[in-house]
Every structure is written in C-alpha cells, then in structure tokens.
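Trainee: Could we go through this structure together? I would like to learn how to read one.
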Amino acid sequence: DCPPEAGDFRAQQCSAHNDVKYQGQFYEWLPVSDDLDNPCSLKCQAKGTALVVELAPKVLDGTRCYTESLDMCISGLCQIVGCDRQLGSAVKEDNCGVCNGDGTTCRLVRGQYKSQLSANKLDDTVVAIPYGSRQIRLMLKGPDHLYLETKTLQGVKSENSLSSTGSFLVENSSINFQKLPDKETLRIPGPLTADFTIKIRYAGAADSSVQFIFYQPIVHRWRETDFFPCSASCGGGYQLTSAECFDLRSSRVVADQYCHYYPENIKPKPKLQECNLDPCPASDGYKQIMPYDLYHPLPRWESTPWTACSSSCGGGIQSRSVSCVEEDMQGHISPVEEWKCMYTPKMPVVQPCNIFDCPKWLAQEWSPCTVTCGQGLRYRVVLCIDHRGMHTGGCTPKTKPHIKEECIVPTPCYKPKEKLPVEAKLPWYKQAQELEEGAVVSEEPSFIPEAWSTCSVTCGVGSQVRLVKCQVLLSFSQSVADLPIDECEGPKPVSQRACYSGPCSGEATEYAPEESELLYGSFQEFDELYDWEYEGFTECSESCGGGVQEAVVTCLNKQTRETVDETLCVTSRRPPQLLKACSLDPCPPR
C-alpha cells in the first residue's frame with residue numbers, strides 16, 4: 001500500500017506542467033481521471049476553467065487506469081492487476097472487500113426511510129451504518145436535507161452538514177455528495193473508518209423518502225471452543241466442544257445474541273470425542289469395562305409422539321417433547337443434560353400440519369333470467385369444493401353465496417290490446433273486467449290481490465283500485481301471515497285499472513250490434529290513445545365513486561306526443577323501473 005502522504009500519482013504528473021507555458025500562459029493543472037476512451041493518456045484540466053488538454057500521450061508506468069481499480073498503465077496500455085497485486089491476475093475482491101472471498105463476511109442491507117413530519121421534531125435518523133461498511137449508496141427525494149454524524153472507535157464524535165456538492169473526506173472516508181433542488185445522492189465506496197449515522201433535517205411541508213443500500217461487515221462471528229472436560233475420570237467418557245460469539249473489532253468474546261443478529265451466521269455444531277478410556281480401579285465398583293462405542297451407547301435424542309394438529313385445514317401446528325437420554329449397560333434409560341446430545345442436531349419440537357387449503361364455496365355461472373321482459377329471477381349452482389377440486393362438505397354456511405337473485409330485462413312489458421268482438425254486449429264486457437285468475441296462498445311468499453273496488457264513476461270511464469298483499473302459508477298452523485312487500489319475488493300485480501260504466505247519455509240495458517261496436521270501439525281508441533313511455537334519466541345520485549340514474553316514465557298522448565295526467569294511462573301496464581350506473585370515476589382523495 002502507498003503511504004497516505006504519497007498523494008495521487010496522476011495528479012503529480014499534471015502538476016509537473018505548472019511551470020511550463022501552454023499557449024503563452026501558465027496554468028495550474030488538475031488530473032482528469034476515468035477517461036473510458038484512453039485511460040492511459042495524461043489529460044489535465046486548467047484550474048478554474050473548462051480547458052482540458054492532453055499534456056502527454058502516455059502516463060508514467062504504474063499509474064492506475066481508473067480511480068476505483070488496481071489496473072495500471074504500462075507503456076500506454078491498461079493492464080489487469082488482481083486484488084492480490086499481481087500483474088495479469090483476474091482475482092477480485094468480493095463485496096465484503098476480501099480478496100478472492102466468497103462474500104460470507106458481510107451482508108447486504110437494503111431499505112427505505114419515509115419522513116414523518118412532527119411539529120416538535122426538526123430532524124430524524126435515517127440509518128446507522130457501522131464501521132467497515134462498503135459500497136454505500138443513498139438517494140433522497142423531496143425537500144429535506146441529509147447530513148452526517150460520525151463516531152470513531154475511540155469514541156470521538158463529529159458532524160458534517162453536507163452543505164454543497166463535491167467530493168471530500170470524512171474521518172478518512174472518501175465521500176461524493178450531489179445536491180439538486182429535489183434530490184440528493186450520497187456515495188461512499190468505503191470501507192468506513194468510523195460508525196456513520198445518516199440523518200435527515202426537515203425543510204418543507206412535503207414528505208421525503210430515502211433509499212439506501214450498503215454491505216455491512218459481520219463483525220461478530222462464531223468461534224469454536226476447545227473440548228470441555230471429560231464426562232468421566234476413568235472407564236470411558238465423552239467430551240464436547242461448543243461455540244462462542246467473538247467480536248472481530250475488539251477481539252473479545254461477547255454475548256451470543258450479537259452473533260444471532262446475522263442470519264448468515266450459522267453456529268457450528270458441537271464435536272464429540274471419547275476420553276479417559278483407561279479402566280477404573282476395582283475400588284470404584286466396576287466389574288467389567290467394555291469398549292465405549294460398542295457396549296455403552298452415546299446419549300441420544302428421544303421424542304414423544306406428535307400431538308394432534310391444531311387445525312383440520314388451512315395450516316396448523318403440532319408439537320412434541322424432545323429430551324436427551326442415556327442408556328446404561330443394563331439397558332436402563334434416564335434423562336441427562338441436553339449438551340450431551342448436542343453432537344447431533346436436536347429434533348424439531350414443532351412442525352406445520354394440514355397446510356392444504358380449507359374447503360371453499362364455488363359459485364357457477366348464473367342462469368338466464370326467468371322472464372324476457374321486466375323483473376324476474378336467475379339461479380346458479382353453489383358447491384363446496386376441497387383442495388383437490390372434489391365436491392365435499394365442511395364449508396361455512398354463513399359465507400355461502402346466494403343461489404338466486406332478482407334480474408331485470410331492460411325491455412318494457414306491454415299488455416297486448418285485444419280487439420273486442422262486435423257482437424259483445426255491455427253486460428258481458430263488464431263481467432269480463434271483473435274476472436281475475438284466482439291467486440292461492442302457498443308456502444312460498446307470493447302476491448295475493450284482493451277484489452277490485454267498484455268503479456269510481458257511474459257512467460263513462462273511471463278507475464278501480466284493490467289491495468295487493470305479500471302473504472305466506474304457515475304449514476305448521478295452517479294460517480296465512482302477511483309479509484313485507486319486498487319479501488315476495490316477481491312482478492307485483494297492478495293495484496289500479498280503468499273501468500267503463502256505460503254512456504252517460506242514459507241508462508242502456510241492451511244494445512244492437514252496431515251500437516255495441518261503436519261503444520267499445522270508442523273505449524278501445526281511448527285505451528290506445530295514451531300509453532307509458534321512457535323519457536330520459538334522472539340526475540346521477542353521486543358525483544363520483546359510482547351512483548345510479550333512474551329512468552323517467554311519463555304518460556303520453558300518442559298523437560300529440562304531449563305529457564298528460566297519469567290517470568289516463570291506467571289501462572296500460574306501467575313499464576318496470578330501469579336503473580343504470582353512472583359517475584364511475586374514483587373520487588379524489590380528501
């Protein structure tokens with residue numbers, strides 16, 4: 001390694017031209033590094049200007065091609081140098097800075113910080129980067145500002161405000177900092193010679209985020225101990241090794257929790273060996289000493305059966321007890337300390353079970369609507385399916401999807417107008433108006449209409465009304481119960497209609513065929529003169545986030561296309577209510 005006071009070799013070569021005039025003028029020359037096209041030419045920049053000049057076609061032998069590389073220029077050509085400082089070697093440092101290493105002595109740390117503004121808080125800690133870390137990259141987006149706090153191994157603290165863009169040294173660590181209006185970047189190649197704490201100073205009302213990535217050295221590592229004392233002083237025993245957590249910076253043994261912090265740190269398994277195999281004196285009561293490994297089995301792990309799984313599906317756990325036991329020469333088994341069995345891995349005491357998915361409801365496609373106009377029903381099949389796709393039981397009844405629902409076919413249902421027979425007599429027509437198909441109460445909720453009222457007028461065209469109830473037959477008591485109207489499915493029968501009580505010119509009891517045709521023809525013309533029609537939609541119920549619009553139904557004079565009183569359309573079936581979705585764009589956040 002070059003001593004710190006040696007300086008930059010390329011800079012020395014540029015400064016050698018400071019006392020030589022260039023185009024009749026003296027300049028102070030600074031090196032231009034990392035020229036990808038010709039890294040081995042001596043390019044220098046006049047200080048305080050944008051003037052860049054190639055002062056020599058070749059740098060001196062041994063000058064590095066690039067600032068972040070060991071490759072060097074020889075006879076004007078860039079030659080490869082490995083991290084082992086050998087010319088032509090392809091050996092490189094791993095991410096941890098270890099030459100020809102396998103990357104196991106450090107760990108990649110990647111994360112993101114988001115600012116949390118507080119009235120009584122001016123700054124906050126983004127991330128603490130320990131001594132020895134490498135390849136540090138941070139990027140702040142937002143109005144806030146980054147700054148540094150450092151602490152050396154000797155406990156000396158300092159702060160750097162990172163006030164301007166540039167490259168500089170902090171605790172002998174090279175730092176490149178760029179400050180833009182809405183972004184800041186910080187690059188430190190490392191290794192850090194102190195503990196760095198990156199902080200953020202709040203500068204605006206908007207939030208900021210910081211992304212960071214670096215390689216952190218694993219400074220606490222497991223170290224295998226020597227063998228513990230033998231378990232027996234004679235007659236054959238065993239002894240084990242263990243592992244202790246070692247701090248590489250302070251060269252001290254520390255608590256195990258420091259090594260457990262790194263997932264990459266795998267605690268070495270204990271080693272076991274036999275010891276003190278010489279026979280014991282007769283006074284100790286041993287009548288026969290046998291070879292340890294043949295007649296005195298090693299301590300071993302024993303387990304109880306697994307408990308039942310905590311869940312029948314969807315993933316559960318089951319447990320068991322595991323203990324270290326020892327068997328004597330007579331075959332008696334007794335529990336011993338766990339460390340005696342640590343030469344082999346301890347069997348797991350918990351394991352997952354029944355990790356397959358629980359049965360769940362599967363709804364098939366809806367059937368077509370049961371009507372071709374207006375309001376009807378549609379049905380679907382809902383099955384309970386297990387993780388193998390088989391039809392089974394065990395699904396939660398409360399979560400079962402419904403198997404039928406209302407449907408609306410957007411086609412108005414118009415009652416066909418039938419021609420009245422010419423020979424029809426008035427009494428027959430009045431009777432035909434009063435006849436209805438009987439509706440019988442059943443065990444399914446259904447609409448039951450009562451009898452029509454008398455006509456509202458004694459002559460001419462009037463109206464009749466009736467009460468329509470939703471009723472159900474209670475089978476256990478054979479009684480009829482009234483239900484809310486919305487409990488009945490299907491179209492509700494009309495509760496109002498037109499009626500004709502004969503001409504108002506006088507009482508008529510018998511009509512000639514031609515008079516009957518004239519009378520009923522005029523009533524039929526009245527029936528066909530007015531009808532219901534859709535006329536646009538109402539305003540949307542919501543301005544955003546999804547709403548509905550309702551179709552407007554009006555009674556129109558078919559000849560004049562004018563809106564008339566709704567009572568004139570009572571002889572026609574009112575079309576069903578139509579709805580459509582509107583204002584589907586999401587609402588802006590509040």
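Mentor: We shall go from the whole chain to its cores, rings and charged pairs.

Mentor: Please keep in mind that this is a predicted model.

Trainee: Understood. How many helices and strands does the chain have?

Mentor: The secondary structure consists of five helices and 37 strands.

Trainee: And what share of the residues is buried?

Mentor: Of the chain's 590 residues, 29% count as buried. The chain exposes about 37400 Å², and 52% of that comes from carbon and sulfur atoms.

Trainee: What about contacts between residues 24 or more positions apart?

Mentor: Such pairs account for 59% of the contacts in the chain with a separation of 6 or more.

Trainee: Let us turn to the inside. Which residues touch the most other members in the largest nonpolar core?

Mentor: They are I129, L138, L186, F196 and I198, in a core of 25 residues.

Trainee: Which elements give two or more residues to this core?

Mentor: Strands β6 (106-114), β7 (123-129), β8 (134-141) and β9 (145-151) are among them. The list also includes β12 (173-180), β13 (183-188), β14 (195-201) and β15 (209-217).

Trainee: What does L186 touch, then?

Mentor: Leaving aside residues up to four places away in sequence, L186 touches I136, R137, L138, L148, L162, I175, N176, F177 and I198. Apart from this core lies another, of 13 residues, which include Y27, C40, A46 and V53.

Trainee: New topic: aromatic rings. How many aromatic pairs are there?

Mentor: A search of the whole structure finds four. One of them joins Y22 and W29 in an edge-to-face arrangement.

Trainee: What are the distance and the angle for Y22 and W29?

Mentor: Their centres are 5.8 Å apart, with 85 degrees between the planes. The pair counts as edge-to-face because an angle over 60 degrees is classed that way.

Trainee: Are Y22 and W29 buried or partly exposed?

Mentor: W29 has 3% relative accessibility, so it counts as buried. Y22, in contrast, is partly exposed, with a relative accessible area of 24%.

Trainee: Which ring does the charged end of R201 sit over?

Mentor: The charged end of R201 sits over the ring of Y147, 4.0 Å from its centre. In another case, the charged end of R223 sits over the ring of F246, also 4.0 Å from the ring centre.

Trainee: Which residue forms a salt bridge with R223?

Mentor: R223 forms one with E244, and the closest N and O atoms are 2.9 Å apart. This pair links distant parts of the chain, as R223 belongs to strand β16 (residues 220-224) and E244 to strand β18 (residues 243-247), 21 residues apart. R223 is partly exposed at 36% relative accessible area, and E244 is partly exposed at 23%.

Trainee: How many salt bridges are there in total?

Mentor: The count comes to 15. Another example is the bridge between E184 and K179, with 2.9 Å from N to O.

Trainee: How accessible are E184 and K179?

Mentor: E184 counts as buried because its relative accessibility is 2%, under the 20% limit. K179 is partly exposed at 38%.

Trainee: One last pair, please. What joins R388 and D386?

Mentor: Their side chains meet in a salt bridge of 2.9 Å, N to O. R388 counts as exposed at 62% relative accessibility, whereas D386 counts as buried at 11%.

Notes. Residues numbered from 1 in each chain as written. Predicted model: local features only at pLDDT ≥ 70, side-chain atom pairs only at ≥ 80, totals over all residues. Heavy atoms only, no water. Core = buried A, V, L, I, M, F, W, Y, C linked by side-chain atoms within 4.5 Å. Buried < 20%, exposed > 50% of the residue type's maximum accessible area, 1.4 Å probe, protein only. Helix = DSSP H or I, 4+ residues; strand = E, 2+ residues; numbered from the N terminus. Contact = heavy atoms within 4.5 Å. Phe/Tyr/Trp six-rings, centres within 6.5 Å; stacked < 30°, edge-to-face > 60°. Lys NZ or Arg CZ within 6 Å of the ring centre and 35° of its normal. Salt bridge = Lys/Arg side-chain N within 4 Å of Asp/Glu carboxyl O. Areas by Shrake-Rupley, 256 points an atom, 1.4 Å probe, with all protein chains shown as cover.
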